[in-house]
Amino acid sequence: MYLNNHTYYSLKYGTISPKELLHQMLNAGVKTFAITDINNTTALLDLLRITQKQSIKIVAGIDFRNGAHQQFVALAQNNQGYLEINNYLSQQNHLSEPIPTQAPPFKNTYTIYPLGAVDVTSLQANEFIGVNTSQIHELRLGELKHHQDKLVILQPITFRNKRDFNAHRLLRAIANNTLLSKLPKTEEGKPEDIFYDENHLKEVFSDFPLLIENTYNLLESC
């Protein structure tokens, strides 16, 4: 259910430590979640180390972004997938080029695009479109509701509370070398990018049961 989660290793964006994120998941009884820091995989080692004696599974991924703008989320299906996404990240860093809109043809990785970024009919077997809780009305009114087989829940977890969100805004102002009062909304996350328990997410997306099933299946197949 949790495919897009950030720690403070999402530099100048995230606010939660890996340990705090893990405790949040454990306290909610979550069995599997993905760690998808922005253009970064550093938190994975910390999480794997502190979960050695815990009954919880961590899926490796990366949230590929240009600044605050999400291009796509990549989830490694296995070790080869982890190598794929890290190699791609290293390549982009070496070239000093923006992350493109289209993901490369990964072979061992799931790619999830944000709602509205791509045409659903162009998706490959390992590609999906993610929908968050604030987009449920858009989903109900649009044509994507007829393509549930290619939809998953992509609800970001970046903050625990309003204090975290305020700290995030300060980080974004620093990243953009601007005053907090002049920080564009497009360069910050959303206050609702917080943890919601599974029952709440199931209720929000109750009209789209296949979407919920797809989300679970993606995590379990990694």
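The second largest pocket is lined by 13 residues, and Leu11, Ile38, Asn39, Gly67 and Arg172 lie nearest its centre. A pocket here is an open set of points on a 1 Å grid over the protein atoms alone, where a 1.4 Å probe fits, with protein on both sides within 12 Å along at least five of seven lines; lining residues have an atom within 4 Å of a point. Strand E2 (57-66) and helix H5 (162-175) each give two or more residues to this lining. Helices (H or I, at least four residues) and strands (E, at least two) are DSSP runs, numbered from the N terminus.

Please note that this is a predicted model, in which local features need pLDDT of at least 70, side-chain atom pairs count only at pLDDT 80 or more, and totals for chains, interfaces and linings use all residues. Residues are numbered from 1 along each chain as its sequence is written, and side-chain values use heavy atoms, with hydrogens and water left out.

I turn to the largest pocket. Its lining comprises 21 residues, with Arg65, Ala68, Gln70, Pro114 and Lys190 nearest the centre. Strand E3 (69-76) and strand E5 (127-131) are the elements that give two or more residues to that lining.

Finally, the helices. Helix H1 (residues 18-27) packs with helix H2 (residues 43-50) at an angle of about 50°, their axes 9 Å apart. Axes are lines fitted to C-alpha atoms over the stretch in contact, and angles run from 0 to 180 degrees between N-to-C directions. Pro18, Lys19 and Leu22 of H1 meet Ala43, Asp46, Leu47 and Ile50 of H2, where contact means heavy atoms within 4.5 Å.
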